[in-house]
Amino acid sequence: MRKQIKALIIVGVVIVLLAAALGALFLFGSDTGEESSSVVSQQELAATFVDKTSDEVQSVTVKNEKGEFTAERGDDGLAIALLDGLRTNDTELENLAVAASGFYAERLIDENPSHPADYGLDPVAAEVSVTYTDGSTFSIELGDASPSGGRYARLPGESKVYLLTETTGSLFYGVTNFVSNIIFDSELSEEAKDEAVFVKAELGGSLHPQPIVIESNPYKNNETHPAGYVDKAITSPYFAGASVSVDNAFPSSLTRILASGVTAIVTDPAQLSEYGLDQPYSTLSFTFTAGEQSYSGSLWLGSKNDEGDYYATTADKRVVYTVKADNVPYMELTDRQLLYPIPVLINIQLLSSFDIDSSQVTAKFEPVVTEEDGSKTVTGGVANGNGVSADCIKKLYESLGKLSADEVTDKEPSGERVMTVTYNFSDGTTQPITVDFYADTARTVLVKVNGLEDAPNYVMQRKTIDSFLNKTQKALNGEVVVPSATD
């Protein structure tokens with residue numbers, strides 16, 4: 001009996017010792033193999049350094065590898081003076097206030113570490129100083145994140161290393177992280193965006209040595225104007241129809257412009273050269289309306305980063321952003337892409353005739369237009385006095401409309417005239433439009449539209465003119481030609 005009692009006592013003692021050992025392991029167990037096993041009092045195992053609300057944070061100063069900044073409380077929460085007037089990331093500023101409102105230690109890790117660098121505290125990862133609305137202050141030094149969660153930290157002037165509960169990333173941000181990635185936002189609803197009306201855009205930079213102004217076409221729906229068929233027109237440095245590429249780009253793409261990131265706050269204009277923004281690749285200023293409200297914005301593109309994104313800024317040059325090239329296709333349009341390639345395109349139903357004059361062939365084509373119930377239709381035609389089918393005259397005219405230009409030029413004609421096309425209107429009052437084609441190089445002709453103010457000269461392929469003259473000869477014989485640029 002006594003032996004049984006003694007055995008029970010021994011077992012009880014072992015159980016107590018095991019429980020004590022487990023408790024000690026739980027209370028004092030190390031977070032990593034690098035942390036000290038120093039014995040500390042139970043009162044130092046956890047600590048509440050600060051327990052405030054985010055509204056009680058008056059100011060926060062942060063210094064880390066990205067720089068130093070101070071955020072101070074204003075009417076709408078924390079604000080950084082350097083960012084005054086910029087669109088800020090208010091969510092991150094609120095996260096900063098939350099991070100600065102409470103600092104809690106899960107436990108003391110090491111009372112007197114021999115190698116603070118083991119915890120990322122030599123040098124420290126971040127220094128944080130906070131002032132609260134009641135006038136109290138608190139400072140702390142932050143080190144590495146612990147593999148098991150939380151972050152190592154110590155109080156300034158002390159050696160003890162604590163493990164803080166997880167701290168927000170905002171304490172390790174630079175000032176650029178508090179700038180919004182919204183470059184421009186009209187804040188229009190999706191329905192209102194669809195109803196937005198483009199007014200004007202100007203493209204410049206090295207891509208456009210002569211700035212190009214694009215506006216809503218003032219001659220839109222003027223059927224007798226050579227550019228009356230397009231929604232937008234290039235109005236400077238010349239007047240011509242703007243391409244469909246431009247028409248598709250504005251204004252829907254401009255109601256909201258987003259950056260993929262914020263790279264720098266510009267405090268010295270010399271900084272712009274680092275990003276190719278001192279001599280930008282492409283610049284844009286724009287205006288559009290929605291309802292009675294007018295909206296204006298700007299965007300400049302510089303060089304590209306290693307990911308192929310453009311560095312970008314706006315006309316005020318205060319922030320350097322990055323934008324994905326795919327998001328700003330309108331900024332990459334070249335002069336050739338901006339130009340509607342057909343110098344003159346008039347509805348055949350408005351013409352009494354279109355005349356072709358060249359050394360190869362001279363012809364006068366007169367469409368026969370029939371009107372019924374307010375609708376006009378080409379029902380036949382006359383070619384040099386001989387009747388031809390409606391298809392014959394329509395297909396030739398369609399071929400004329402496919403004589404597209406490659407580009408505009410400042411050159412004036414110096415070679416021999418290759419062809420002249422005259423558009424005569426049936427209303428009896430509109431003056432004819434005459435287009436002359438002159439030899440330029442072995443492969444090109446220079447095109448001059450006469451009688452139109454500020455009309456440019458165009459460069460066109462010689463083979464397209466030769467092809468059209470061949471089709472003209474066939475049409476004179478009553479053949480229906482294939483309306484393509486070349487045979």
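Which residue in S24 is the bridge partner of Gly381? I find Val388. The model is predicted: local features need pLDDT of at least 70, side-chain atom pairs 80 or more, while totals for chains, interfaces and linings use all residues. Numbering runs from 1 along each chain as its sequence is written, and side-chain values use heavy atoms, without hydrogens and water.

I followed S23 (residues 375-383) next; 3 bridges join S23 to S24, antiparallel. Strands here are DSSP E runs of at least two residues, helices H or I runs of at least four, numbered from the N terminus. Two strands pair if DSSP finds at least two bridges between them.

I then traced the sheet. It is open, with 9 antiparallel strands in the order S24-S23-S22-S21-S26-S27-S28-S29-S25. S24 (386-388) and S25 (407-409) each have a single partner strand, so one side of each lacks a neighbour in the sheet.

I checked the helices. H6 (residues 390-400) lies across S21, S22, S23, S24 and S26, at about 95° to S23. H7 (residues 462-476) runs at about 75° to S29. Contact means heavy atoms within 4.5 Å; angles run from 0 to 180 degrees between N-to-C directions of axes fitted to C-alpha atoms, for helices over the stretch in contact.

Last, I looked up cavities (1 Å grid over protein atoms alone; points where a 1.4 Å probe fits but cannot get out; lining residues have an atom within 4 Å of a point). I count 2 of 30 Å³ or more.

Key
On a 1 Å grid over the protein atoms alone, a cavity is a set of points where a 1.4 Å probe fits but cannot get out, and a pocket is an open set with protein on both sides within 12 Å along at least five of seven lines; lining residues have an atom within 4 Å of a point. Grid points are joined across faces, edges and corners, and a volume is the space filled by probe spheres set on the points.
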